[in-house]
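Reader: Hi! I'm new to reading protein models. Could you walk me through this one?
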Amino acid sequence: MRKASLVVALVLLVSAPVTAATLCMSAASADLAPSATASADLKHNDGGALQYWTSDFDPATDEPIIISGWHWPDANPATVTAIVWWKSASGTSTNDVIFDVSIGCAGATVEWDTLVFSTPVVSVTDAGLATAGLMNATSATGAITPAGSAASVPCALKINRDADNVGDTLAVDAQVVGVCLTY
Ligand SMILES: [Ca+2]
Ligand SMILES: [Ca+2]
């Protein structure tokens, strides 16, 4: 009887659900792209009900932004996935936007100025919503492996709209409000 109870307890322990953590960041905290690269414009929007900042990504030219100076709140994840929140600057086109997401973290041997971002860059394609002004959430990206990750060190997240990709067909700015990382 005691053996049976022990087996049940072990099975419960092994099958305990793993809770995913989510870390969200606002595009309002975005820094500029690497030097010599154009950055998405930081735009102040007055919606009436709220005023908010967006990073406005051009429809034809790649313009990355970087959100830096954060770190994982607990153990460093081996891989993460990302969801990008965005809205069309105008119109009701259901054409596609492509976002690239990569992450780099500092460490004992990594200088901040030469931070390396994860490769290969992970992309996600999202179609605009047919109703003007609605917030889009992309699907979760595939697994991103943060580069240089170590315990409680500052990290940086790069978002790029792959605007010159033939598959990126939305003809207006994509206004990014924020990004959520799940791991
Ligand atoms: Ca590109
Ligand atoms: Ca485009």
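Author: Happy to! Let's begin with a proline: Pro120 sits in the loop between β6 and β7. The model is a predicted one, and in it a cis peptide bond joins Thr119 and Pro120, with omega at about -5°.

Reader: Okay, so which residue has a positive phi although it is not a glycine?
Author: That is Ala36, with a phi of about 70°. Ala36 lies in the loop between β1 (22-26) and β2 (41-46).

Reader: Is Ala36 buried or exposed?
Author: Ala36 is exposed, because it has 5 other C-beta atoms within 10 Å and the cut-off for exposed is 12 or fewer.

Reader: Let's zoom out. How many helices and strands does the protein chain have?
Author: There is one helix, and there are ten strands. Going along the sequence, the pattern reads α-β-β-β-β-β-β-β-β-β-β.

Reader: Nice. What is the strand order in the open sheet of four strands?
Author: The order is β4-β9-β6-β7, and the pairing is antiparallel. At the edges are β4 (65-70) and β7 (122-127), each pairing on one side only. From one strand to the next, the twist averages 20°.

Reader: How many residues of β9 are buried?
Author: Seven of the seven are buried, so β9 is largely enclosed by the rest of the structure. Both faces are covered: Cys155, Leu157, Ile159 and Arg161 are buried on one side, and Ala156, Lys158 and Asn160 on the other.

Reader: Why do the residues on each side skip every second number?
Author: In a regular strand the side chains alternate between the two faces of the sheet.

Reader: Got it! What does Leu157 touch?
Author: Leaving aside neighbours within four places in sequence, Leu157 is in contact with Met25, Ile66, Ile67, Ile103 and Val179.

Reader: How many residues are in the largest nonpolar core?
Author: It has 32 residues, and those with the most contacts inside it include Leu157, Ile159 and Val84. The strands β4, β5 (81-88), β6, β9 and β10 (174-182) each supply at least two residues of this core. The most come from β6, which gives six residues.

Reader: Last one: what share of the protein chain is buried?
Author: Buried residues make up 31% of its 183 residues. As for contacts with a separation of 6 or more, 81% are between residues 24 or more positions apart.

How values were computed. Residues are numbered from 1 along each chain as its sequence is written. Chains are lettered from A and ligands numbered from 1 in the order in which they are written. This is a predicted model: local features need pLDDT of at least 70, side-chain atom pairs count only at pLDDT 80 or more; totals for chains, interfaces and linings use all residues. Two strands pair if DSSP finds at least two bridges between them. Axes are lines fitted to C-alpha atoms, for helices over the stretch in contact, and angles run from 0 to 180 degrees between N-to-C directions. A nonpolar core is a set of buried Ala, Val, Leu, Ile, Met, Phe, Trp, Tyr and Cys residues joined through C-beta atoms within 7 Å. A residue is buried if 20 or more other C-beta atoms lie within 10 Å of its own, exposed if 12 or fewer, and partly exposed in between; C-beta atoms are placed from the backbone. Two residues are in contact if their C-beta atoms, placed from the backbone, lie within 7 Å.
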